[in-house]
Amino acid sequence: MLKSIALLALCATLAAANLQRIPLYRNPNFQSTPESAAAEAAMVRAKYAFDTVPTTGDNSMGHEPLINFANRIYYGQITIGTPPQEFLVSFDTGSSNLWVPSIKCSACSQTCLNHQKYNASASSTYVANGTGFYMDYSQGGVIGYLSEDTVRVGDIVVENQVFAEILTEVDNSFTQQSYDGILGLGFQSLAVDDVTPVLSNMWSQKLLAQEVFSLYLATDGTSQQGGELILGGSDPSRYQGDLYYVNLSKKNRWQIKMNSVYFGDSTLCKDGCEAVVDTGSSLILMPDGAFKLFMDVFYNSEHLPDMEFVINGSSFTLPANLVNVQKSGSDHWVLGAAFLEGFYTEFDMANERIGFGTLA
Ligand SMILES: *[C@@H]1O[C@H](CO)[C@@H](O)[C@H](O)[C@H]1NC(C)=O
Ligand SMILES: *[C@@H]1O[C@H](CO)[C@@H](O)[C@H](O)[C@H]1NC(C)=O
Ligand SMILES: *[C@@H]1O[C@H](CO)[C@@H](O)[C@H](O)[C@H]1NC(C)=O
Ligand SMILES: *[C@@H]1O[C@H](CO)[C@@H](O)[C@H](O)[C@H]1NC(C)=O
C-alpha cells in the first residue's frame, strides 16, 4: 500500500516534471485603441477566411492600414538551429506553420530591419528545402521558402522541423510587432505547404507526455510577465476544481459551438454559435448583430455588466471591455486573449476538445 502511494507520488512528480513551461510576454507599452483593435480584427477575419457577410454603417471593416497595426498579442521565446538562434514568436492556435524572418530578407522590408533573422549558414543542423511559402493575411502577407532545422521550445528539442524563412512581407504587416515570427499551434490540415506542425513533430518524436497544451494569461495589463504556455498537459495548481470540456465542432480546427452568450439583458448568442479559440489574437470578435446589441448595452448601462458565456452547459463569466470587442464580419465568434485572460484553457489534440477552468 505504502509502496504504491509512494509510486503514485513519484509518478505525479514525474508527470509534473514533464510539463514544459514557456513564459509568455506581451508588449508592455502598447495601449489598445479602437483603431488598433479594428486593424487587428481585419487581420483575424482574413486569417480564418470566414464567409463574410455584408455589413452596414461600417467603420471597422476591411480598410484599416495594417502598417499601424500593433497589439497585445502574447509571445514567447524559441530557438532554431545549432548553435541556437533566438526568436520571439506568437503562439497561435489560429494557424499551423512556424515562420521567422530570414537573414536573406529583403533590405527594404521594415520587418527585417526590426527583427531577429535566421541565418541558415550559421547552423550545423540546417537542411535545405526551398519549397515556396506564402501566407495570406489579406492586407498583408509573408513570402519566403521552407527550410529544415532543429527547433527548441523550452527544454523540448524537435529535430528536422520544417519552417518558413521569410524574405519579404506585403504591406509591412508585422513591422511593429514585438515578436519576430509565428509558431502555429493549429492542426496540419490547415498548414501551408502541408508542413507538419511543431507540436505534431513533438508528439511523433515522443517529446510530450500527453498530446495536450494549455495556457493561462496574466490579467495584469502592466505586467511584462504575461502567463505561461504549458506543453504536454495541464497544471492543476493554475486552476480551481475541474476543467470543463467541449468537443471541437469542426475537426482539425480549434473551433467550438457555444450554447449562448449574455450581456446584461441582451442575448448576444442563442441556440448555438460557432467560435474559434485564438491565442494569436487579442480580441473578442462577434457577428455584426451581436456587436450592435453589445454596443447598445455598453452605451446604455450605468454599471457595465459582465459577459456570460455558456459552453457545453457550463457558464463562464468575463468582465466586458469595449476596446477588445469587434465585429467579425461573419457569423463566427473569435475568442482571443481578451477572453482567454479570464480562464485556464487546455487544448487537447488527441481528444479534439478544449477544456476551460477557473484560474487559481
Ligand atoms: C551568417 O552566418 C555565417 C556563418 O556563421 C556568417 O559567415 C555570415 O556573416 C552570417 N551572415 C550575416 C548576414 O550575419
Ligand atoms: C519540403 O518540405 C515539405 C513539407 O514538409 C515536403 O513536402 C517537401 O517534400 C520538402 N521538399 C524537399 C525538397 O525537401
Ligand atoms: C459536456 O458536458 C457534459 C455534461 O456535463 C459532460 O458529460 C461532457 O463530458 C462534456 N463534454 C465533453 C467533450 O467533455
Ligand atoms: C465528444 O466526442 C467524443 C469522441 O471524441 C464522444 O465520445 C462524446 O460523446 C462527445 N461528447 C459530446 C458531449 O458531444
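I began with the shell around ligand 2, whose residues divide into three nonpolar, two polar and one charged; here Ala, Val, Leu, Ile, Met, Phe, Trp, Tyr, Cys and Pro count as nonpolar, Asp, Glu, Lys and Arg as charged, and the others, Gly among them, as polar. This is a predicted model, in which local features need pLDDT of at least 70 and side-chain atom pairs count only at pLDDT 80 or more, while totals for chains, interfaces and linings use all residues. Side-chain values use heavy atoms, with hydrogens and water left out.

Next I listed the residues surrounding ligand 2 (a heavy atom within 4 Å of it), and found Asn129, Thr131, Leu146, Val162, Asp193 and Val195. Of the 360 Å² that ligand 2 exposes when taken alone, the protein buries 46% (Shrake-Rupley method, 1.4 Å probe). I also noted that an N or O atom in the side chain of Asn129 is 2.3 Å from an oxygen atom of ligand 2.

I then turned to ligand 1, around which I found Ile103, Asn119, Ser121 and Ala122. Taken alone, ligand 1 exposes 360 Å², of which the protein buries 33%. By class, I recorded two nonpolar, two polar and no charged residues in this shell, and a polar side-chain atom of Asn119 lies 2.3 Å from an oxygen atom of ligand 1.

Last I looked up Ser328, which is buried at a relative accessible area of 0% (buried means under 20%, with a 1.4 Å probe and protein chains only). A polar atom of the Ser328 side chain lies 3.1 Å from the backbone oxygen of Ser330, and I found the backbone oxygen of His332 2.7 Å from a polar atom of that Ser328 side chain.

Definitions and conventions
Residues numbered from 1 in each chain as written. Chains lettered and ligands numbered in written order. Buried < 20%, exposed > 50% of the residue type's maximum accessible area, 1.4 Å probe, protein only. Polar contact = N/O pair within 3.5 Å; in protein donor to acceptor, adjacent residues only side chain to side chain.
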